[in-house]
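Let's take a friendly walk through a protein model. Have a look at the picture first, and then we'll go through some of its features.

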Amino acid sequence: LHFIFRHRNPKNGSFEEKHWKRATSVPKLDDVFKDKKPHLFTLIINPDNKFEVLMDKQSVHKGNLLDDFNPPVNPEAEIDDPTDIKPTDWDEREKIPDPTATKPDDWDEDAPRQIVDPNARKPNGWLDDEPELIPDPNAEKPVDWDDEMDGEWEPPLITNPKCEKVGCGKWKPPMIDNPKYKGKWRPPLIDNPNYKGKWRPRRIPNPHYFEDKYPYKMTPVAAVGFELWSMVDGIMFDNLIITDDLYVAQHWASETFDLKRELADRETDNMITRLFKYTNKNPWLWAVYLVVIGLPVVLFISFCCTSTRSPAVIAAQREIEAKRKAYASKTFGAQAEEKVREIAKEATITEVKEDEEVQEGSVEEIELIDNEKTEEKEEIAVEDKKESVEGEKISENEDDEPEVLGEQETDAGGDFPRRRRPRKE
């Protein structure tokens with residue numbers, strides 16, 4: 001992927017091509033077109049000389065017209081003097097051979113690098129008369145082999161199986177490194193006393209210097225062409241647009257590239273991917289998904305997590321209520337039954353509120369709690385009865401003895417106490 005523009009020299013009117021220094025982050029076209037889908041390349045040049053390269057509406061590189069092109073838009077203010085020549089006595093060598101060094105007397109430059117191992121011995125059982133390679137006895141002459149055209153057929157050679165154990169053929173001792181080898185003698189290097197550094201020609205003002213601060217003002221576009229060299233088949237170009245309005249380019253891409261890319265994605269994407277893309281294109285579908293899927297899930301969770309009273313608790317409460325009514329009717333009579341019924345109603349409302357705490361206990365614990373509440377209510381009703389009885393006694397004769405409660409006896413048919421009527425003399 002290249003970006004090249006022609007720049008007009010404001011000083012002499014000549015034109016010169018400026019080539020973008022391609023960044024390593026930009027993908028290669030060979031990798032882009034392997035998916036055989038439509039792709040959109042966009043170049044945006046801004047009035048501040050900054051440019052941006054996009055591929056499929058995604059930014060792949062950003063740069064500046066003044067800094068990221070070769071040769072640069074503006075030439076250097078100074079250049080090397082072409083007439084300046086290096087002096088003949090200029091020495092650029094940092095190190096030189098030591099002129100006072102001499103070769104040692106025992107230095108042998110003719111000694112070879114490797115010599116025959118003097119300690120090597122031919123192994124026992126070595127077969128000197130056996131060849132290392134022999135014709136393959138299992139090879140067969142091809143059926144289509146023509147001796148007149150292909151020559152005399154010979155079977156291919158294979159390794160001699162007799163040489164696998166020890167070896168065969170002419171035996172040669174192995175080679176080893178020569179301990180006396182030193183190579184060609186060279187004197188050691190020392191610092192050059194005449195070193196003057198690397199020579200460079202002097203700098204002079206550039207006679208062709210100019211400064212163009214607005215290279216984005218390019219020459220008018222008169223034609224559009226394609227220069228292609230590709231090993232990838234099936235590449236087509238269409239819908240090229242040049243405009244000074246970014247909105248126009250984006251709108252044009254939405255009516256051409258987006259439609260082609262959507263059609264290509266339909267052929268390759270699976271059902272789930274296509275559903276997500278269609279939902280993102282129509283955000284109101286998220287509300288439909290929330291109602292259709294989310295609401296049943298919430299109701300299911302609420303139904304499973306909501307606590308209900310067990311049948312054992314309901315049966316225990318009904319039994320307690322029956323005992324309460326029977327006890328009130330036998331003890332206080334019909335006059336107090338209405339009042340006890342009201343108290344029982346209030347107690348039932350309270351028990352329903354406390355049901356979540358009570359349902360985890362056993363039935364025996366529930367009966368114990370209800371009996372305690374019933375006794376408290378019964379004591380209140382007894383005190384009210386006593387007050388009414390005492391009021392009646394005040395109006396009776398003074399000779400009458402006060403009502404005395406005898407010892408409580410237990411009915412044979414129940415667990416409730418029986419009241420003894422008072423006697424008059």
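## The whole chain

How many of the residues of the chain, in percent, count as buried? Of its 425 residues, 19% do, where buried means under 20% relative accessible area, exposed means over 50%, and partly exposed is in between (1.4 Å probe, protein chains only). The chain has 9 helices and 16 strands; these are DSSP runs numbered from the N terminus, with helices (H or I) of at least four residues and strands (E) of at least two.

A quick word on the ground rules: this is a predicted model, where local features need pLDDT of at least 70 and side-chain atom pairs count only at pLDDT 80 or more, while totals for chains, interfaces and linings use all residues. Residues are numbered from 1 along each chain as its sequence is written, and side-chain values use heavy atoms, with hydrogens and water left out.

Now look at Asn 70 and Pro 71, which are joined by a cis peptide bond with omega at about -5 degrees. Pro 71 sits in the loop between strand S6 (69-70) and strand S7 (78-80).

Asp 56 isn't a glycine, yet its phi is positive, near 55 degrees. You'll find Asp 56 in the loop between strand S4 (50-55) and strand S5 (58-64), and its 19% relative accessibility makes it buried. Asn 239 also has a positive phi, about 55 degrees. Its loop runs between strand S14 (203-205) and helix H3 (246-255), and at 36% relative accessibility Asn 239 counts as partly exposed.

## Charged partners

Side chains of opposite charge can pair when their charged atoms come close. The whole structure holds 17 salt bridges, each a side-chain nitrogen of Lys or Arg within 4 Å of a carboxyl oxygen of Asp or Glu.

One of them pairs Glu 16 with Lys 18 at 2.9 Å, N to O. Glu 16 is partly exposed at 41%, whereas Lys 18 is buried at 2%. Another joins Asp 91 and Arg 93 at 3.2 Å, N to O; here Asp 91 is buried at 12%, while Arg 93 is partly exposed at 48%. Glu 76, Asp 80 and Arg 203 link up in a salt-bridge network.
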